[in-house]
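Biologist: I am new to this structure and would like to understand the terms used to describe it. Could we go through them together?

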Amino acid sequence: MLYIEQLKERYQLIIGYVGTIIMGIGLALLLPLLLLPIYRTEINEISYFVVPSLVAIVLGYGMRRIMRYGEDATLTLHEGGVIVLLAWCSAAIISAMPFILSGKLNFTQAIFEAVSGLTTTGLSVVDVTKTSHMFLLWRSLMQFIGGAGLAVIMLSAIIGPHGLGLYHAEGRSDKLLPNVARSTKLIMVIYIGYITSGTFLYIIAGMPWFDAINHAVAAVSTGGFSTEPASIGAYQSLPIELITIILMFFGTTNFAAHYVLLKGEVKRFFQIGEIRFMFFALAIAIPLTAFFSLIKLYNAVGKGIRVAVFELTSALTTTGFSTVGYGDWDSFAIFIMIALMIIGGGAGSTAGGLKQYRVYIMLKSLVWNIKGYLLPQNVVRQNYVIRPEGKYYVSQDHALEISNFAMLYMITYAVGVLILLAHGYSLQDSMFEYASSLGTVGLSVGVTAFDAPKVVLWAETVGMLLGRLEFLVVFFAGLKIIKDIRIIVKRKF
């Protein structure tokens, strides 16, 4: 019975933290109302945001009230995983409510849109030409909330200096500073700083202020939601494309690497393994795609290279902005895009995918193994990579863990592709769309649409959640919840 009581106390702690996050989402739902003095004709949409906001605040406050904890309360990794899983599911439902209450989307579509926003994917079933400014801003705010880590942002001030469980459950293995709370606050400073700078740069480049805010948030969040049907391509502006590329790079870069750069250690920044891998991958992919596919497609060298640079950067950074459609792209260019979307962005960033760090380690492991066969057996080797905190010696267990994750990722990808194939989509379109969903990219060849089958939308929704939260967090959190419920039921009956 003592164990049951301890378990109940731990879940009261968990429920309290989730309640705090729900309250935060409720408060965030009120932010689109700040547009009313400017767009007064949208006053009839107030209730769509106020009602779910009040429900979330009251519910979150009630959950918070039952929480029991002391100043020294800490979270285990598994408890952090449970909080993250419950928080994201709750946030998705609450964030979807304005779309449901307004009748703009049904339940499946609304959950899809909310999950796409919170996971910073950017796939959308919303017609932005018929959507009010308040709803467009809410889509961007969801990407802002999810971008830097929903639970980390909301709880940074209360998890204390030892709350590593939640920090790592959000997929952040590299701390900027020894203190977790200070690290998360610094992440927010970096995050908001880039968004603010991006907004001003967009306005200077000629983008309307409302579009500038939305695109800056989406770019740094590697989200990709746009206020235009043609995305960045609607502006036909090279300066805007260049600003977007810079913001996409910032968004996909490990936050710990940002800290190295902000300290002025530029040389050390470019020595980081995954940073070098990112530029190496683009240096190979862009010329190949441009010269074998896009130059002959657009009948111009400059146009082909310009499109290749933007689209492939968008794919690798998992942002999802675009300047062109892909209906006339050949299979070679589409294959390169799929490969980059699967690789994904930097570890400890707002991006999704396998992550550049993991792919880099797998490639380095291959090289190390080949060298091992060529070197004398008595040679002692210490294999390491450069991470933001310095040299990191890669153990066999670490390499094996990464390989296992990659296998699980690819199995999930294959299942998702099969679901799309079963609904009549071509192999190429299915591979592209699910790579975009699972990698939280947001680029589309037209599969994701308002009239897409419900099973397809749910398959993509699950893929987006798995891609953002990462498989092991969801898997172990789910197992812990099931295990704890079974223990309580057995002891009680």
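Modeller: Let us begin with contact, which means heavy atoms within 4.5 Å. By that rule, and not counting residues up to four places away in sequence, threonine 323 touches Ile232, Gly233, Glu241, Phe310 and Glu311. This is a predicted model, in which local features need pLDDT of at least 70, side-chain atom pairs count only at pLDDT 80 or more, and totals for chains, interfaces and linings use all residues. Residues are numbered from 1 along each chain as its sequence is written, and side-chain values use heavy atoms, with hydrogens and water left out.

Biologist: Where is threonine 323 found, and why does threonine 323 count as buried or exposed?

Modeller: Threonine 323 is found in the loop between helix 14 (301-316) and helix 15 (331-343). Helices (H or I, at least four residues) and strands (E, at least two) are DSSP runs, numbered from the N terminus. Buried means under 20% relative accessible area, exposed over 50%, and partly exposed in between, with a 1.4 Å probe and protein chains only. Threonine 323 has 15% relative accessibility and therefore counts as buried.

Biologist: What joins the side chains of threonine 323 and glutamate 311?

Modeller: A polar contact of 2.7 Å joins them. The term requires a pair of N or O atoms within 3.5 Å; within protein, one must be able to donate a hydrogen and the other to accept it, and residues adjacent in sequence count only if both atoms are side-chain atoms.

Biologist: Is isoleucine 195 buried or exposed?

Modeller: Isoleucine 195 lies in helix 8 (residues 180-204). Its relative accessible area is 9%, so isoleucine 195 is buried. Residues up to four places away in sequence aside, isoleucine 195 touches Phe144, Ala216, Val217 and Val220.

Biologist: What is the orientation of helix 5 to helix 9, and why?

Modeller: The axes of helix 5 (residues 133-147) and helix 9 (residues 209-220) come within 8 Å and cross at roughly 25 degrees. Helix 5 is therefore roughly parallel to helix 9. Angles under 35 degrees count as roughly parallel, over 145 as roughly antiparallel, 65 to 115 as roughly perpendicular and the rest as oblique. Axes are lines fitted to C-alpha atoms, for helices over the stretch in contact, and angles run from 0 to 180 degrees between N-to-C directions.

Biologist: Which residues of helix 5 and helix 9 meet?

Modeller: His133, Leu136, Leu137, Ser140, Gln143 and Phe144 in helix 5 meet Phe210, Asn214, Val217 and Ala218 in helix 9. By class, this contact has six nonpolar, four polar and no charged residues. Ala, Val, Leu, Ile, Met, Phe, Trp, Tyr, Cys and Pro count as nonpolar, Asp, Glu, Lys and Arg as charged, and the others, Gly among them, as polar.

Biologist: How are helix 2 and helix 5 oriented to each other, and why?

Modeller: Helix 2 (residues 46-65) and helix 5 pack at an angle of about 40 degrees, with their axes 10 Å apart. Helix 2 and helix 5 are therefore oblique to each other. Ile46, Tyr48 and Phe49 of helix 2 and Met134, Phe135 and Trp138 of helix 5 make the contact. These residues divide into six nonpolar, no polar and no charged.
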